[in-house]
Amino acid sequence: MKDTTLDSAPVQRPTEQETFSNRKLIRPSLTRSNNDHGHAPTEARRERPERGDRGGDRNKGGGERKIAPPEQTNAENFYYQKQMQSKTPMVIVLCDDEEIHGVIEWYDKNCIKVNRTGGGPNLMIYKPSIKYLYKEGENSGK
């Protein structure tokens with residue numbers, strides 16, 4: 001019989017550090033545009049110009065995109081604060097054309113509190129029920 005002994009050497013397993021050092025870590029960008037749809041960015045996609053940038057020198061004069069206006073300007077809050085501090089007599093016209101005369105004492109996101117002049121009870125008015133309001137000495141704007 002033939003001697004079929006194989007020269008076997010003990011197999012060395014790579015250490016943890018060796019196996020992980022050859023791997024490339026890919027981290028997705030957290031700031032994706034809406035048209036990315038979760039795909040990995042490719043070179044062609046990175047070099048592609050925005051819609052407003054196409055056409056060469058056409059957009060040189062301020063070709064940057066306009067920034068969207070803020071969702072809340074606080075103009076309403078500023079107006080209420082001013083009227084509260086000066087205790088301005090106001091007329092609040094409701095959606096059913098009922099007029100409420102009084103001074104704004106307090107307000108929040110959903111309602112205003114009016115101290116009525118003329119002996120009526122103080123009211124808390126839900127803002128969506130207000131058609132418009134104006135200072136008592138001014139015309140109603142009708």
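The protein exposes about 12,900 Å² of accessible area, 50% of which is supplied by carbon and sulfur atoms (Shrake-Rupley method, 1.4 Å probe). The model is a predicted one, in which local features require pLDDT of at least 70 and side-chain atom pairs count only at pLDDT 80 or more, while totals for chains, interfaces and linings use all residues. Residues are numbered from 1 along each chain as its sequence is written, and side-chain values use heavy atoms, with hydrogens and water left out.

Three helices and five strands make up the secondary structure (DSSP runs of H or I with at least four residues, and of E with at least two), and from the N terminus these elements follow the order α-α-α-β-β-β-β-β. Of the 142 residues in the protein, 15% are buried, that is, under 20% relative accessible area (1.4 Å probe, protein chains only).

Thr 88, located in the loop between α3 (75-86) and β1 (89-94), is buried, with a relative accessible area of 14%. Its side chain is joined to that of Gln 83 by a polar contact of 2.9 Å (a pair of N or O atoms within 3.5 Å; within protein, one able to donate a hydrogen and the other to accept it, with sequence-adjacent residues counted only if both atoms are side-chain atoms).

Conventions
Buried < 20%, exposed > 50% of the residue type's maximum accessible area, 1.4 Å probe, protein only.
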